Amino acid sequence: MKTKAAVVYEPGKPMEIVELELDGPREGEVLIRYLYAGLCHSDVHIAHGDLDARLPMVMGHEGAGVIEEVAPGVTRVKPGDHVVCSFIPSCGTCHWCATGQQGICDWGAGILEGSLPGPNAGAGDLAGGRFAFTGPRGDYGAMCMLGTFSQYATIHQNSVVKVADDLPLDKAVLVGCGVPTGWGSAVNAANVQPGETVIVAGVGGIGINAVQGARLAGAQTLIAVDPLENKRAAALELGATHAFATMEEAAELARSRTNGNGAQKAILTAGIVDEQLVSEGFAAIGKAGTLVVTGVGGPFSRKTVSLAGSELTFFNKTVKGTTFGHCNPTTDIPRILDLYRTGDVKLDELITRRYTLDQINEGYDDLLSGKNIRGIVVH
Ligand code: CXF
Ligand code: ZN
Ligand code: ZN
């Protein structure tokens with residue numbers, strides 16, 4: 001069948017809208033009609049060449065839609081089911097899935113090749129090396145084995161999570177990457193406890209959800225850091241108790257709330273985390289504090305960082321990296337959606353603007369200029 005999709009052909013060039021041929025589902029795969037896709041900074045990292053990827057690639061890794069067709073061997077979903085896609089698949093049987101760590105399933109984060117995690121993330125092929133999209137320039141990969149900036153895609157059942165029919169998919173789409181990555185970085189990775197002083201640096205599409213997670217986990221002083229006023233305002237709306245433009249101001253407040261010790265937890269979620277932010281975050285946490293670093297599928301993935309050795313050891317500090325906020329897609333996507341139903345996790349408030357697929361480059365211009373918490377494509 002034919003499908004219209006937004007494709008990156010060359011790093012640094014705008015995405016192009018092209019018509020592609022889509023091969024139907026084979027063993028274990030499904031045909032999905034995407035209804036909505038989310039705009040995440042990681043697409044830009046590939047489009048700009050910060051992350052190595054085989055091109056051309058159909059972009060987009062936040063998606064929600066309807067299952068149109070299933071191939072033999074599919075047990076997770078049936079035609080007509082509403083699903084949210086997970087940017088990391090969960091095979092259910094690898095060591096990580098079997099030990100409750102689906103967010104690093106070998107299918108999605110298996111082999112560190114170049115700067116991209118996973119056997120398929122860099123090439124965008126399906127399991128077995130097959131490319132479902134083909135077009136004028138041969139085989140086209142699908143970002144994170146999804147390619148949600150296409151009207152239709154053939155994807156593996158391991159990449160989808162069934163959701164209730166009455167959930168609005170334009171909100172649920174955000175629970176495929178940005179929301180669990182941020183929320184889980186506070187709830188799971190940082191393990192925020194009631195009464196703690198927590199700093200979240202970078203409160204865009206990921207960090208705003210770290211704020212939501214930390215609030216729900218009971219943070220007492222919850223400090224958002226972002227240079228942009230609109231982001232700080234959104235963080236205050238969604239649970240931050242304070243918001244500053246710099247980490248220095250946040251660290252000072254954290255010390256004043258902890259007898260001079262420093263924050264119990266700091267979470268770095270900026271689209272571009274750099275070494276300076278890591279050392280500032282490390283300095284902002286106190287004795288026994290934890291610094292969590294997430295959302296860094298950009299230039300940071302090629303960097304090394306230095307930490308003050310004496311603070312690391314004398315002060316029992318922990319530095320923790322996290323992908324997908326240590327969430328398990330098959331259980332945490334429904335869990336977060338349940339919290340959305342009860343009003344404990346806000347999703348509607350995260351959507352700044354809706355775009356057509358043809359407006360995709362405008363959407364990314366808005367993302368890069370800091371206008372959006374999250375933009376979504378309405379297919
Ligand atoms: C990214 C991580 C790096 C590879 C592409 C997907 N995750 C979410 O944005
Ligand atoms: Zn993402
Ligand atoms: Zn697995």
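Here are some questions and answers about this predicted model.

Me: Before we start, how are residues, chains and ligands numbered or lettered?
Reply: Residues count from 1 along each chain as its sequence is written, while chains are lettered from A and ligands numbered from 1 in the order in which they are written. As this is a predicted model, local features need pLDDT of at least 70 and side-chain atom pairs count only at pLDDT 80 or more, whereas totals for chains, interfaces and linings use all residues; side-chain values use heavy atoms, with hydrogens and water left out.

Me: Which protein atoms are the donors of the zinc ion (ligand 3)?
Reply: Donors are N, O and S atoms within 2.8 Å of the metal (3.2 Å for Na, K and Ca); water is not among the atoms, so sites may look incomplete. Here the protein donors lie 2.3 to 2.4 Å from the zinc ion (ligand 3). Along the chain they follow the spacing C-x2-C-x2-C-x7-C. The atoms you want are Cys91 (SG), Cys94 (SG), Cys97 (SG) and Cys105 (SG).

Me: What is the geometry at the site of the zinc ion (ligand 3)?
Reply: Four donors count as tetrahedral if all angles lie between 85 and 135 degrees. The angles among the four donor atoms here are 102 to 116°. The site is therefore tetrahedral.

Me: Is cysteine 94 buried or exposed?
Reply: Buried means under 20% relative accessible area, exposed over 50%, and partly exposed in between (1.4 Å probe, protein chains only). Cysteine 94 has 10% relative accessibility, so this residue counts as buried.

Me: Is histidine 61 buried or exposed?
Reply: The relative accessible area of histidine 61 is 1%. That value makes histidine 61 buried.

Me: What is the handedness of the crossover from S16 to S17?
Reply: Two strands pair if DSSP finds at least two bridges between them, and S16 pairs with strand S17 (residues 285–293) in the parallel sense over five bridges. Between them the chain passes through helix H9 (residues 275–284). A crossover is right-handed if, with the strands pointing away from the viewer, the path from the first strand over the helix to the second runs clockwise. This β-α-β crossover is right-handed.

Me: Which residue of S16 is the bridge partner of valine 200?
Reply: Strand S13 (residues 197–201) pairs with S16 in the parallel sense over four bridges. The bridge partner of valine 200 in S16 is isoleucine 267.

Me: Is the peptide bond from leucine 55 to proline 56 cis or trans?
Reply: Most peptide bonds are trans. Proline 56 is in the loop between helix H1 (41–47) and strand S4 (57–58). With omega near 0°, the bond from leucine 55 to proline 56 is cis.

Key:
Four donors count as tetrahedral if all angles lie between 85 and 135 degrees; four count as square planar and six as octahedral if opposite donors are over 155 degrees apart and all others between 65 and 115; anything else is irregular. Helices (H or I, at least four residues) and strands (E, at least two) are DSSP runs, numbered from the N terminus.
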